[in-house]
Amino acid sequence: MIILGIDPGYAIVGYGVIEKIGNTTTCLDYGVITTHKDDTFPDRLVQIDDALDYLIEKYKPDCLAIEELFFQNNQKTAINVAEARGVIVVKAKKKIGKLFEYTPLQIKQALTGQGRAEKAQVQYMVKAILNLKEIPKPDDAADALAVAVCHSQTNQAIGNFKY
């Protein structure tokens, strides 16, 4: 099974692609989709959409796992991230068909065994589980890999949304 994990944003969208075969989980790719700050917001959404098309065509994932949004103090930022996340959700449904959502607490729990784990603990576990030489950078890419690993280790029938 190939899983595309996404850490949503609009300036930077983290992505991680893993493959799980039996008990073996392998990292295929990770990185970020960056949008140009001087472009209009709709153009930035198009950049995200185009980049997702490329990733989906290249890796042909069986599903997409995405982090749910958590409350942010800046309403404008939260709304923009939510709109970008909407682009990602629609793309997943149209191109892949299977979409799974996980809260930050669920992701931390799946990777470290505790829902209040620090970011460094989660990143260390991403590195260990995927047998990587170093912690993935930037943080958005590591977060996206964490979402993908969470999905690979979670019973999809319990505790998350399946669309």
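## Charged pairs

Glu57 is exposed, its relative accessible area being 56%, where exposed means over 50%, buried under 20% and partly exposed in between, computed with a 1.4 Å probe on protein chains only. The structure is a predicted model, in which local features need pLDDT of at least 70 and side-chain atom pairs count only at pLDDT 80 or more, whereas totals for chains, interfaces and linings use all residues. Residues are numbered from 1 along each chain as its sequence is written, and side-chain values use heavy atoms, with hydrogens and water left out. Glu57 forms a salt bridge with Lys60, the closest N and O atoms being 3.0 Å apart; the term requires a side-chain nitrogen of Lys or Arg within 4 Å of a carboxyl oxygen of Asp or Glu.

Over the whole structure the search finds 7 salt bridges. One of them joins the side chains of Lys91 and Asp53, at 2.7 Å from N to O, and this pair links distant parts of the chain, since Lys91 lies in helix H2 (residues 75–95) and Asp53 in helix H1 (residues 41–59), 38 residues apart. Helices (H or I, at least four residues) and strands (E, at least two) are DSSP runs, numbered from the N terminus. Lys91 is buried, with a relative accessible area of 10%, whereas Asp53 counts as partly exposed at 25%. A salt bridge also pairs Lys137 with Asp139 at 3.8 Å, N to O; here Lys137 is exposed at 55% relative accessibility, and Asp139 is partly exposed at 31%. Through shared partners, salt bridges connect Asp49, Asp53, Lys91 and Lys95 into one network.

Two packed helices are described by the angle between their axes and the distance between the axes. The axes of H3 (residues 104–112) and H5 (residues 139–153) come within 9 Å and cross at roughly 70°, which makes H3 roughly perpendicular to H5. The axes are lines fitted to C-alpha atoms, for helices over the stretch in contact, with angles from 0 to 180 degrees between N-to-C directions; angles under 35 degrees count as roughly parallel, over 145 as roughly antiparallel, 65 to 115 as roughly perpendicular, and the rest as oblique. The crossing of H3 and H5 is left-handed, a term for a near helix turned anticlockwise from the far one by less than a right angle, clockwise being right-handed. On the H3 side, Gln106, Ile107, Ala110 and Leu111 meet Ala146, Val147, Val149, Cys150 and Gln153 of H5, contact meaning heavy atoms within 4.5 Å. By class this contact of H3 with H5 has 7 nonpolar, 2 polar and no charged residues, where Ala, Val, Leu, Ile, Met, Phe, Trp, Tyr, Cys and Pro count as nonpolar, Asp, Glu, Lys and Arg as charged, and the others, Gly among them, as polar.

H4 (residues 119–129) packs on H5 at an angle of about 65°, with the axes 9 Å apart, and the two helices are therefore roughly perpendicular to each other, in a crossing that is left-handed. Lys119, Val122, Gln123, Val126 and Ile129 of H4 meet Asp139, Ala142, Asp143, Leu145, Ala146, Val149 and Gln153 of H5, so that the residues of this contact of H4 with H5 divide into 7 nonpolar, 2 polar and 3 charged.

## H3 against H4, and Pro104

The axes of H3 and H4 come within 9 Å and cross at roughly 50°, so these helices are oblique to each other, and their crossing is left-handed. Lys108, Leu111 and Thr112 of H3 make the contact with Gln121, Val122, Met125, Val126 and Ile129 of H4, a set that divides into 5 nonpolar, 2 polar and 1 charged.

Pro104 has its place in H3 and counts as partly exposed at 22% relative accessibility. Its C-alpha atom is separated by 8.3 Å from that of Leu69, 35 residues apart along the chain, and, leaving aside neighbours within four places in sequence, Pro104 is in contact with Glu67, Glu68 and Phe70.

## Backbone exceptions

Most residues other than glycine have a negative phi, and most peptide bonds are trans. Lys60, in the loop between H1 and strand S4 (63–67), has a positive phi of about 45° although it is not a glycine.

In the loop between H4 and H5 lies Asn131, which has a positive phi of about 55° and is exposed at 70% relative accessibility. Pro138 also lies in the loop between H4 and H5, and a cis peptide bond joins Lys137 and Pro138, with omega about -5°.
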